[in-house]
Amino acid sequence: MNTREEAEDILRRIAQEDDAAIDLAEGALALAALDRPRVGLGRYRDHLAALVSDVRTVVHDVRERTLESCAAAVNTVLFNRHGYAGDSLTYDDMQNANLIRVIDRKKGLPVALGILFLHIARAQGWQAHGVNFPGHFLVSLEVAGERAILDPFAGGTVRQTDELRALLKSATGREAELEPHHYAPMANRDVLLRLENNIKLRQLRAGSEGAALATLNAMLLFAPRKAELWQEAGTINARLGNLKAAIDALEHALALGTGHAERYQVAALLQSLRTRMN
């Protein structure tokens, strides 16, 4: 089995798993491998294991395991010892959302670094999840009944309420205010979708609709019940002239269920495509 086949198998398996069972790092490596099919995953898995082991060693030497000491252990290993950092200079480089290249280059987007942070923390048995925060991926870490929101793009810095408010206003406008849903945990599948969405949006901005469609198809491997993905795949296929693929994708979207406005748009596009096919 080559790396691409292995990656596709991993993603199809994720599609069948309960969300809590999804291994974020393994899923992100599989997605990265679709873009780099000649690169074996073994040494990247070994690196992830080394990160986990290094943090376990640091924590073992800590007298008292508190939220602060545990967060510091991850930050020391990930950002200091191994040199990971947020890529603020070439933020829009698509390599920043490919976990293979993130590991190679030791820099990436907030969500890619967040996946590494979550992988390490969860391997220690700590409660950690992605935070559904607009515009900037954050992680929540809970240890010994204490919880904090950390910013993996900023070296794992704890973000206080005033900083979160400033981040929110920067992302969505000056009138925005923090609400409970801004702290809501993200499903693991949605974390992987957010990772790939970064790539897809950059491809669309560059006018590379074929590449964006390939990214959507990868997303559908592990999230085949997301109607909005099928709708977008159908729309792009239609623009590219892939009429049969567009019709199939849009029929999937309708079967899964869409909002009223979206359903009308999908049905209208389907009718137009079927007319063209005839």
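**Reading helix packing and burial**

Tutor: A crossing is right-handed if the near helix is turned clockwise from the far one by less than a right angle, and left-handed if anticlockwise. Helices are DSSP runs of H or I with at least four residues, strands are runs of E with at least two, and both are numbered from the N terminus. This is a predicted model, in which local features need pLDDT of at least 70 and side-chain atom pairs count only at pLDDT 80 or more, while totals for chains, interfaces and linings use all residues. Residues are numbered from 1 along each chain as its sequence is written, and side-chain values use heavy atoms, with hydrogens and water left out.

Student: At what angle do helix 2 and helix 3 pack?

Tutor: Axes are lines fitted to C-alpha atoms, for helices over the stretch in contact, and angles run from 0 to 180 degrees between N-to-C directions. Here helix 2 (residues 24-35) and helix 3 (residues 42-60) pack at about 155 degrees, and their axes are 11 Å apart. Helix 2 is therefore roughly antiparallel to helix 3. The cut-offs are under 35 degrees for roughly parallel, over 145 for roughly antiparallel and 65 to 115 for roughly perpendicular, with the rest oblique.

Student: Which residues of helix 2 and helix 3 meet?

Tutor: Contact means heavy atoms within 4.5 Å. On the helix 2 side there are Ala25, Glu26 and Leu29, and on the helix 3 side Tyr44, Arg45 and Leu48. The residues of this contact of helix 2 with helix 3 are four nonpolar, no polar and two charged. In that count Ala, Val, Leu, Ile, Met, Phe, Trp, Tyr, Cys and Pro are nonpolar, Asp, Glu, Lys and Arg are charged, and the others, Gly among them, are polar.

Student: Is tyrosine 44 buried or exposed?

Tutor: Buried means under 20% relative accessible area, exposed means over 50%, and partly exposed is in between (1.4 Å probe, protein chains only). Tyrosine 44, in helix 3, has a relative accessible area of 1% and so is buried. Not counting residues up to four places away in sequence, tyrosine 44 touches Leu29, Val39, Ile100, Ile103 and Asp104.

Student: How does helix 2 pack with helix 8?

Tutor: The angle between helix 2 and helix 8 (residues 188-205) is about 30 degrees, with the axes 10 Å apart. Helix 2 is therefore roughly parallel to helix 8. The crossing of helix 2 with helix 8 is right-handed. Leu24, Gly27, Ala28 and Leu31 of helix 2 make the contact with Asn188, Val191, Leu192, Leu195 and Glu196 of helix 8. Those residues divide into six nonpolar, two polar and one charged.

Student: Which residues have the most contacts inside the largest nonpolar core?

Tutor: A nonpolar core is a set of buried Ala, Val, Leu, Ile, Met, Phe, Trp, Tyr and Cys residues joined through side-chain atoms within 4.5 Å. The largest one has 76 residues, and those with the most contacts inside it are Phe117, Trp126, Leu141, Leu192 and Phe222. Leucine 192, leaving aside neighbours within four places in sequence, is in contact with Ile14, Ile22, Leu24, Gly27, Ala28, Leu31, Ile115 and Phe222. A second, separate core has nine residues, including Ala238, Leu243, Ala246 and Leu273.

Student: Where is alanine 238 placed?

Tutor: Alanine 238 is in helix 10 (residues 227-240) and, at 12% relative accessibility, counts as buried. Beyond four places in sequence, alanine 238 is in contact with Ala246 and Leu273.

Student: Which exposed or buried state does alanine 20 have?

Tutor: Alanine 20 lies in the loop between helix 1 (3-16) and helix 2, and is exposed, with a relative accessible area of 74%. The C-alpha atoms of alanine 20 and asparagine 188 are separated by 7.0 Å, although these residues are 168 apart along the chain.

Student: What is the phi of lysine 106 and of alanine 144?

Tutor: Most residues other than glycine have a negative phi. Lysine 106 has a positive phi of about 60 degrees, and alanine 144 a positive phi of about 55 degrees. Lysine 106 is in the loop between helix 5 (99-105) and strand 2 (107-108) and is partly exposed at 24% relative accessibility. Alanine 144 is in the loop between strand 4 (138-143) and strand 5 (146-151) and is exposed at 67%.
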